[in-house]
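User: Please look over the fold below, and let us then discuss the open space and the helix packing one question at a time.

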Amino acid sequence: MAKLRGDTRAAWAFLSPWVAGFVLFTAGPMVISLYLSLTRYDMLKPASFVGMDNYAELFTDPKVGTALYNTLFFTFLHVPLQIVLALALASLLRRAGRASEFFRTVLYLPVMTPPVALAAMFLLLLNGQTGAINELLGWFGFTGPNWTTDPAWIKPGLVLMSLWTVGSTAIIYLAALSRVPGELYEAARLDGASPWRQFCHITLPGISGTIYFTVVVNTIASLQTFTEAYAMFFGNSQVADNQGDAALFYVIYLFQQAFSSLRMGYASALAWALFVVIAVITIVQVRASRRLVYYESEPR
């Protein structure tokens with residue numbers, strides 16, 4: 001019993017740095033922000049309690065609806081494209097043989113690009129008149145749109161930019177593909193299964209847990225998109241005036257309310273509303289995974 005107590009104390013001693021960090025930098029700020037969401041606070045005067053007024057304003061503020069629509073639009077485009085492209089790249093890497101290590105490095109390097117530098121680069125690449133992407137489209141006889149000034153093309157342009165970091169997801173899929181037993185493919189080929197049927201009935205079920213993980217993680221990240229869009233469209237007032245609210249994502253609006261308008265209470269309410277949206281979407285994904293995700297250890 002004494003040994004058990006000693007082991008428990010040792011375990012808590014090792015865990016204490018994480019516990020302290022969690023309380024100070026995660027749980028503590030969350031509790032404070034929950035309190036601030038019930039107040040009117042501008043950092044210049046003491047907070048005054050207003051109850052649920054900030055949450056009631058969420059339903060009447062037209063900017064909230066616009067920002068939420070833009071964020072969901074981006075998420076529902078970005079996540080499927082990221083998954084499909086990453087899986088295609090991982091499948092190609094798996095067949096690269098000895099060159100796989102080199103191509104893995106090349107594929108992952110864009111992930112290391114600082115977000116602000118990425119935004120500056122794509123602001124040039126997506127330029128409607130001189131951008132390299134429209135030049136490339138012109139070689140095939142297509143007239144490229146005004147990616148950075150036409151409100152209808154701003155969000156697709158941001159989705160295109162987001163695929164620059166597809167390498168991290170592709171590397172995860174490559175690791176998952178390497179764990180699918182080769183014997184299953186051999187048996188399928190002997191039975192005359194086409195490559196497409198092998199992919200649908202062996203590859204996808206075999207990596208469905210990994211796909212589920214990346215869908216959840218990429219969805220949460222997409223709903224919190226901020227840096228690239230802000231650097232491209234809100235760092236310059238003239239550019240921001242031209243594009244209107246087409247690039248106004250939810251976290252950008254939250255940031256504006258907190259640090260431009262100094263409405264910390266309202267910004268905290270916006271943050272908690274986003275937390276609820278993310279939680280609901282994640283719960284739906286978890287429930288869907290019970291029917292769609294296959295784990296090898298599960299009885300069938």
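User: Which helices each supply at least two residues of the lining of the largest pocket?

Analyst: This is a predicted model, in which local features need pLDDT of at least 70 and side-chain atom pairs count only at pLDDT 80 or more, while totals for chains, interfaces and linings use all residues. Residues are numbered from 1 along each chain as its sequence is written, and side-chain values use heavy atoms, with hydrogens and water left out. Helices here are DSSP runs (H or I, at least four residues) numbered from the N terminus, and a pocket is an open set of points on a 1 Å grid over the protein atoms alone, where a 1.4 Å probe fits, with protein on both sides within 12 Å along at least five of seven lines, its lining residues having an atom within 4 Å of a point. At least two lining residues come from each of helix 3 (62–94), helix 5 (115–125), helix 7 (151–162), helix 8, helix 11 and helix 12 (227–233).

User: Which lining residues are the closest to the centre of the largest pocket?

Analyst: The pocket has a volume of about 440 Å³, taken as the space filled by probe spheres set on grid points joined across faces, edges and corners. Of its 23 lining residues, the closest to the centre are His-78, Ser-162, Thr-165, Thr-225 and Glu-228.

User: How many residues of that lining are charged?

Analyst: Asp, Glu, Lys and Arg count as charged, Ala, Val, Leu, Ile, Met, Phe, Trp, Tyr, Cys and Pro as nonpolar, and the others, Gly among them, as polar. The lining holds 10 nonpolar and 12 polar residues, and the number of charged residues is one.

User: Are helix 8 and helix 11 roughly parallel or roughly antiparallel?

Analyst: Helix 8 (residues 167–177) and helix 11 (residues 208–223) have axes, lines fitted to C-alpha atoms over the stretch in contact, that lie 10 Å apart. The angle, which runs from 0 to 180 degrees between N-to-C directions, is about 165°. An angle over 145 degrees counts as roughly antiparallel, so helix 8 and helix 11 are roughly antiparallel.

User: Which residues of helix 11 does helix 3 meet?

Analyst: Helix 3 and helix 11 pack at about 150° with their axes 9 Å apart, and they are therefore roughly antiparallel. Contact means heavy atoms within 4.5 Å, and helix 3 brings to it Thr-71, Leu-72, Phe-74, Thr-75, His-78, Val-79, Gln-82 and Ile-83.

Definitions and conventions. Angles under 35 degrees count as roughly parallel, over 145 as roughly antiparallel, 65 to 115 as roughly perpendicular and the rest as oblique.
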